[in-house]
Amino acid sequence: MDNIRITKQFSFETGHALYGYDGKCKNVHGHSYKLFVTVIGKPISDNTNVKFGMVIDFGDLKRIVKEEIVDLFDHATVFNKNTPHLELAKELQNRGHHVILVDYQPTSEMMVIDFAKKIKDRLPNHINLHSIKLQETDTSCAEWYASEN
């Protein structure tokens, strides 16, 4: 049977700041992210399987991405834990804000690398992550492809 790609789209709001950056993004700001997750596999050919004809149930893919990314990053502020933003992060956390500390500069480029690892680790063995696209604004996005990594 042929390999088929399926894609599920997600949306979440996240704030961040880029320490050491020479533009406006050094300031704390946020984005309405759109995340497109594409997986590839063969549709289930066993007609006794309740998921017959599916590569993966869209609901199963949704659960994985929501648990690993959307529920964590939505309405959070992300900082690189290896920068002076750590003081600001601690102050925000002390005031009840949802803060995520990562070990990378929280750019869209680095976030898709992080997201790819998290999603790949949760997919069933017969399904492969094909690509991820993270749209930061209407005109800007970062993409990750398994074939290139």
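The model is predicted. The protein chain has 149 residues, and 39% of them count as buried. Its secondary structure comes to three helices and six strands. The six strands form an open sheet with mixed pairing.

**Overall layout**

- From the N terminus on, the order of elements is β-β-α-β-α-β-α-β-β.
- Along the principal axes, the C-alpha atoms fill a box of roughly 55 × 30 × 25 Å.
- Among contacts in the protein chain with a separation of 6 or more, 62% come from residues 24 or more positions apart.

**The sheet**

- Across the open sheet, the strand order is β4-β3-β1-β2-β5-β6.
- The edge strands are β4 and β6, and each of them pairs on one side only.
- From one strand to the next, the twist averages 30°.
- Strand β1 covers residues 4-16 and runs parallel to β3, with three bridges joining the two.
- H16 has V78 in β3 as its bridge partner.
- β5 and β6 pair in the antiparallel sense, over six bridges.
- S131 has Y145 in β6 as its bridge partner.
- Two residues make up the link of the hairpin that joins β5 to β6.

**Helix α2**

- Helix α2 spans residues 85-94.
- Which residues of α2 are buried? They are H85, A89 and L92.
- Seen down the axis of α2, these buried residues fall within an arc of 65°, so they line one face of the helix.
- An α-helix has 3.6 residues a turn, so residues three or four places apart point the same way.
- E87 and N94 are exposed, on the other side of α2.
- What do the buried residues of α2 pack against? Their partners are β3 (76-80) and β4 (99-102).
- α2 lies across β3 and β4, and runs at about 150° to β4.

**Helix α3 and its neighbours**

- Helix α3 covers residues 108-120.
- Helix α1 covers residues 58-73 and packs with α3 at an angle of about 145°. The axes of α1 and α3 are 9 Å apart.
- On the α1 side, the meeting residues are V65, E68, I69, L72 and F73. On the α3 side, they are M111, D114, F115, K118 and I119.
- By class, the contact of α1 with α3 has seven nonpolar, no polar and three charged residues.
- D114 belongs to α3, and its contacts include F73 and Y104.
- Is D114 buried or exposed? D114 counts as buried because its relative accessibility is 15%, and the cut-off for buried is under 20%.
- α2 lies across β3 and β4. α3 packs on the sheet too, touching β1, β2 (29-41), β5 (128-137) and β6.
- The direction of α3 makes about 145° with that of β5.

**Cysteines**

- How many disulfides does the structure hold? It holds zero.
- C25 is in no disulfide, and the nearest cysteine sulfur, that of C141, is 15 Å away.
- C25 is partly exposed, with a relative accessible area of 25%.
- C141 is also partly exposed, with a relative accessible area of 42%.

**A loop residue with positive phi**

- Where does H75 lie? H75 is in the loop between α1 and β3.
- H75 is not a glycine, although it has a positive phi of about 60°.
- H75 is exposed, with a relative accessible area of 60%.

Terms used. Residues numbered from 1 in each chain as written. Predicted model: local features only at pLDDT ≥ 70, side-chain atom pairs only at ≥ 80, totals over all residues. Heavy atoms only, no water. Helix = DSSP H or I, 4+ residues; strand = E, 2+ residues; numbered from the N terminus. Buried < 20%, exposed > 50% of the residue type's maximum accessible area, 1.4 Å probe, protein only. Contact = heavy atoms within 4.5 Å. Disulfide = S-S within 2.5 Å. Axes fitted to C-alpha atoms, helices over the stretch in contact; angles between N-to-C directions. Nonpolar A, V, L, I, M, F, W, Y, C, P; charged D, E, K, R; others polar. Arc of directions from axis to C-beta. Pairing = 2+ DSSP bridges.
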